[in-house]
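This report describes a single protein chain, shown below.

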Amino acid sequence: MEEVFEGVRSAFTYNTSLQTSNAVSVSAALRATVNAVDWSEQWLLYVFATHAAIWLLLFFLRGHPWVTATVAAVLVLTIRSYTLVNALAQQYWKDFAGRNYFEHSAVLVRIVWTVPLLFTAFVILVYSLVETTMVARGQSSHKVAAQQKPPRQIGPVPASH
């Protein structure tokens, strides 16, 4: 019986040390990637501008659920295909980048492309859930906004004494 407990204890100790070393290696890989990248490269600025354009599109078209759902679907497909994006970038990096940042693990693509898109998709999900809840309660964001605004007066404004 003691042998079983010792086996479980050693397996637990091994798994704990393995998880700790994996967390350290992921953290070290992220830190090394962030430090190795020249963040002023033009292609990175285009990537960040694309993220900003997606946010602006969502902000101005937030009242159109089909547009929001379409953007969310495109984001999910784009996130899903990050390995293809990394493979293409690895093949053609000389055409747009100063260095080959696109290693097999795709850390940079995950940092600058996938993580912001995941965050955007999460925000779309939360916004959609809030809108759905408001509609289920019989309110829409447009009705709530109209109720918060003072009524507009039509015609001449009466003089106050």
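## His51 and its contacts

Leaving aside residues up to four places away in sequence, His51 touches Val112, Trp113, Pro116 and Leu117. In this predicted model, His51 is found in helix 2. The C-alpha atoms of His51 and Trp113 are 8.4 Å apart in space, although 62 residues separate the two in sequence.

His51 has a relative accessible area of 8%, so the residue counts as buried; the cut-off for that class is under 20%.

## Thr120 in helix 5

Thr120 has its place in helix 5. When residues up to four places away in sequence are not counted, Thr120 touches Ile54, Trp55, Leu58 and Leu75. Is Thr120 buried or exposed? Its relative accessible area is 2%, and Thr120 is therefore buried.

## Aromatic pairs

How many aromatic pairs does a search of the whole structure find? The search finds seven. One of them joins Trp43 and Phe102, with 5.4 Å from centre to centre and 55° between the planes, a tilted arrangement. This pair links distant parts of the chain, since Trp43 belongs to helix 2 and Phe102 to the loop between helix 4 (82–92) and helix 5, 59 residues apart. Both partners are buried: Trp43 has a relative accessible area of 10%, and Phe102 has a relative accessibility of 4%.

A further pair is formed by Trp55 and Phe119, whose ring centres lie 5.9 Å apart; the planes meet at 35°, so this pair is tilted. It too links distant parts of the chain, with Trp55 in helix 2 and Phe119 in helix 5, 64 residues apart. Trp55 is partly exposed because its relative accessible area is 35%, and Phe119, at 49% relative accessibility, also counts as partly exposed.

Which residues line the second largest pocket? The lining consists of Trp55, Leu58, Phe59, Arg62, Thr68, Val123, Ile124 and Tyr127. By residue class, six are nonpolar, one is polar and one is charged.

Helix 2 (42–60) and helix 5 (107–136) each contribute at least two residues to this lining. Two of the lining residues, Trp55 and Leu58, are also among the contacts of Thr120.

## The chain as a whole

The secondary structure comprises six helices and zero strands, and the pattern read along the sequence is α-α-α-α-α-α. Of the 161 residues, 22% count as buried; His51, Thr120, Trp43 and Phe102 are among them.

Among contacts in the chain with a separation of 6 or more, 63% are between residues 24 or more positions apart. The accessible surface of the chain amounts to about 12300 Å², and carbon and sulfur atoms account for 67% of that area.

How values were computed
Residues numbered from 1 in each chain as written. Predicted model: local features only at pLDDT ≥ 70, side-chain atom pairs only at ≥ 80, totals over all residues. Heavy atoms only, no water. 1 Å grid on protein atoms, 1.4 Å probe; cavity = no way out; pocket = protein on both sides within 12 Å on 5 of 7 lines; lining within 4 Å. Helix = DSSP H or I, 4+ residues; strand = E, 2+ residues; numbered from the N terminus. Nonpolar A, V, L, I, M, F, W, Y, C, P; charged D, E, K, R; others polar. Buried < 20%, exposed > 50% of the residue type's maximum accessible area, 1.4 Å probe, protein only. Contact = heavy atoms within 4.5 Å. Areas by Shrake-Rupley, 256 points an atom, 1.4 Å probe, with all protein chains shown as cover. Phe/Tyr/Trp six-rings, centres within 6.5 Å; stacked < 30°, edge-to-face > 60°.
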